[in-house]
Amino acid sequence: MIEAVGLTKRYGAKTAVYNLSFQVRPGVVTGFLGPNGSGKSTTMRMILGLDRPTAGHVTIGGHPFRRLPNAPRQVGALLDAKAVHGGRSARSHLLSLAQLAGIPAQRVDEVLGVVGLQDVAKRRSKGFSLGMGQRLGIAAALLGDPQVLLFDEPVNGLDPEGILWVRNLMKKLAAEGRTVFVSSHLMSEMALTADHLIVIGRGQLLADMPVKDFISANSADFARVRTPGAEPAQREKLTSVLVEAGGQVLSEPDGALRVTGLPLPRISDLAHDADVRLWELSPHQASLEEAYMRLTQGAVDYRSTDDRLAHLQPPAQPGQPGYGTPPQPPVQDVPQQGWYAPPPPGQSPYGAAPQAPGQNPYGAAPQAPAQNPYAGAPQAPAPGPYAPPAAPQPGLPQPSDDTSKDVR
Amino acid sequence: MAVASAVLQSEWTKIRTVSSTVWTLASALFVTVAMGAALCALTNATFDDMREAERLTFDPTLISFSGMILGQLAMVVFGVLVVGTEYSSGMIRTSLAAVPQRATFLFSKIAVAGGLALLVGLATSFLAFFLGQALLGGHRTSIGDDGVLRAVVGGGLYMGLMAVFSMGVAAMLRSSMLSLGILVPFFFLVSQILSAVPKAKEVALYFPDQAGSKVMRVVPDAMNSEEAPYGPWGGLGIMVLWVAASLVGGYLVMKKRDA
């Protein structure tokens with residue numbers, strides 16, 4: 001059982017983790033998700049007593065890590081696969097760790113077998129691939145047969161066989177009643193491995209719920225419907241027909257319609273009855289990955305931008321300012337909504353879309369841990385954790401993704 | 001509480017399973033003995049060409065330790081690497097996750113590495129002395145003479161302390177590169193140069209290497225040099241103070257900073 005209460009870590013002016021409270025229970029695999037730089041590793045280091053929290057505290061089995069009696073027998077951790085002296089062999093590395101906790105040398109050979117490194121046990125770890133390094137790190141975590149296990153990105157660099165192995169290992173460890181805390185930035189991997197999810201972004205808690213709830217709260221399927229582009233009247237007509245039939249319709253930037261609440265055959269029938277031709281009618285399943293992306297997109301620290309190659313291309317006109325002057329960014333036709341997956345119709349996770357009030361994907365969450373820190377105006381209290389209270393009121397300035405993005 | 005004996009055992013495993021230990025310690029021994037032997041042979045051959053003052057204050061013990069000026073650098077490298085590679089490899093996080101008691105961890109590591117350096121230092125010192133004396137021919141001294149045994153044992157202590165001092169500095173700076181970049185030029189250049197500059201000389205006398213190396217002298221003003229305001233053991237004491245300071249600094253940094 002790992003328990004964090006109000007955990008905060010500041011490095012100078014930068015807050016890496018802010019007021020994080022959660023519990024990791026034994027017997028289940030708890031996934032720890034968040035974009036790069038969201039504070040996952042910092043939290044892991046604080047759990048292990050490597051970094052001192054600026055505020056708050058974290059305990060393992062009721063004790064702060066530094067005061068745990070014989071810590072290696074109680075807590076096993078994989079923090080960094082490459083955190084090994086390259087000149088030391090895998091076996092020597094594990095042996096030195098085993099001796100710290102009074103673990104017999106036979107156990108070293110045992111765990112080497114468990115992770116499949118027995119053939120390279122005598123080789124210097126310098127020559128290890130990332131995947132082999134991960135296996136060595138996992139071996140080190142398993143060494144003391146601990147009740148609490150922490151893994152920071154354990155599947156990085158592993159081959160598919162290794163990923164499957166890690167997945168089964170985590171489940172097995174949890175089934176044995178251990179506390180298993182696994183961080184990852186891969187939602188798809190966690191969906192398969194974890195039973196419970198803790199999602200953070202920018203060092204703050206975004207979600208803390210069972211994976212099943214997360215999936216049911218976030219599954220958002222819709223149908224994409226396209227009418228002939230040259231005939232906007234057809235589109236209008238279809239829209240009104242679909243809305244009458246009880247569907248929710250949103251238009252996409254390229255003119256397609258996004259329909260929820262109606263099954264595909266019904267949409268087709270309605271279109272036929274209304275005498276509207278369809279160019280496309282396709283089912284679209286929003287993956288958990290997308291749900292996660294939507295949840296965290298406001299909390300991503302490192303986002304790639306278009307590579308414009310501006311300075312590598314010759315100046316457009318000879319008279320213009322050449323190198324050194326940043327060219328004016330061309331005005332882009334960016335869709336108003338999010339820059340990853342637009343939220344499904346009627347579901348506006350960040351209060352950005354002034355569309356019809358609809359079900360709210362995150363309001364259904366069993367816990368309501370905190371007000372949404374990314375809803376644009378952090379000070380304004382919001383009842384739902386990730387959504388505006390209700391339909392946005394016209395006339396009021398709406399917090400939107402775009403403005404919150406600009407602020408950052 | 002990870003028991004200190006367990007940490008000591010683990011640190012011993014760590015130190016004996018990397019090749020840098022063997023290389024740095026072997027080169028400390030080899031360089032010191034070989035260079036001392038060469039200088040002893042050279043001195044023996046050119047003894048009559050020396051000035052009278054130098055001949056009168058000739059210190060056969062000290063001359064057999066002249067290789068230490070280079071050999072100590074290998075000891076510095078050894079000390080820095082023992083601590084510094086924990087940081088450069090990231091192993092420090094694994095180590096501290098296993099031994100949350102940071103003082104136990106640091107001082108066990110230094111005890112093991114320092115003990116090893118001391119043993120190698122003593123072996124180096126005795127080897128350099130006996131080989132050097134054998135090559136000095138008629139100008140030799142014997143281990144039974146006044147102060148000679150003290151100088152030889154002191155030479156071993158000096159090398160061991162040099163390594164421990166470097167470990168403390170590396171624990172403070174948390175980086176092998178930075179520590180080597182400061183320590184090697186300091187001992188090889190700055191300290192040597194300052195000890196030859198009139199005013200700075202008096203300050204340089206209190207540098208760890210300058211003070212500590214006085215323990216290896218049998219003749220206090222040997223080879224036309226000035227006498228230090230402290231005795232041989234006093235000099236070593238000054239060096240011990242430096243070592244203690246670096247260890248305290250290293251401990252405070254390890255205790256306070258995030259790993």
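A residue is buried if 20 or more other C-beta atoms lie within 10 Å of its own, exposed if 12 or fewer, and partly exposed in between, with C-beta atoms placed from the backbone. Helices (H or I, at least four residues) and strands (E, at least two) are DSSP runs, numbered from the N terminus.

This is a predicted model, in which local features need pLDDT of at least 70 and side-chain atom pairs count only at pLDDT 80 or more, while totals for chains, interfaces and linings use all residues. Residues are numbered from 1 along each chain as its sequence is written, and chains are lettered from A and ligands numbered from 1 in the order in which they are written.

**Chain A**

Chain A has 12 helices and 13 strands. Of its 408 residues, 45% are buried. Two residues are in contact if their C-beta atoms, placed from the backbone, lie within 7 Å. Among the contacts in chain A with a separation of 6 or more, 69% join residues 24 or more positions apart.

The domain assignment (automatic or from a database) gives chain A a domain 1 (2-202) and a domain 2 (221-285).

How far can chain A be trusted? Confidence is given as pLDDT, the predictor's score for each residue from 0 to 100. Chain A averages 77, and 73% of the residues score at least 70. Over residues 324-408 of chain A, pLDDT stays under 50. Where pLDDT is low, the predicted coordinates should not be read in detail.

**A hairpin in chain A**

Two strands pair if DSSP finds at least two bridges between them. Strands β8 (residues 196-201) and β9 (residues 204-210) of chain A pair in the antiparallel sense over six bridges. One bridge links A:Val199 to A:Ala207 in β9(A). The hairpin has two residues between the strands, and A:Arg202 takes a positive phi near 50°. Six of the seven residues of β9(A) are buried, so this strand is largely enclosed by the rest of the structure.

**The cores**

A nonpolar core is a set of buried Ala, Val, Leu, Ile, Met, Phe, Trp, Tyr and Cys residues joined through C-beta atoms within 7 Å.

| Core | Size | Members include |
|---|---|---|
| Largest | 152 residues | A:Leu94, A:Ala139, A:Leu197, B:Phe78 |
| Second, separate | 13 residues | A:Leu242, A:Leu257, A:Leu262, A:Val276 |

The four residues named for the largest core touch the most other members. Helix α8 (residues 148-173) of chain B gives the largest share of this core, 16 residues. Not counting residues up to four places away in sequence, B:Phe78 touches B:Thr21, B:Thr24, B:Leu25, B:Ala28, B:Ala117 and B:Ala163.

**Where the chains meet**

In the interface, 25 residues of chain B are in contact with 32 residues of chain A. On the chain B side, α1 (4-16), α2 (19-46), α5 and α6 each supply at least two residues. That side divides into 12 nonpolar, 10 polar and three charged residues. Here Ala, Val, Leu, Ile, Met, Phe, Trp, Tyr, Cys and Pro count as nonpolar, Asp, Glu, Lys and Arg as charged, and the others, Gly among them, as polar.

Why is helix α6 (residues 91-98) of chain B largely enclosed? Eight of its eight residues are buried, so the rest of the structure largely encloses this helix. These buried residues include B:Met91, B:Arg93 and B:Leu96. The buried residues of α6(B) pack against elements of both chains, including α3 (90-100) of chain A and α7 (102-135) of chain B.

B:Ser5 lies in helix α1 of chain B. It counts as exposed because it has 11 C-beta neighbours inside 10 Å. The C-alpha atoms of B:Ser5 and B:Ser108 are separated by 8.4 Å, although the two are 103 residues apart along the chain.
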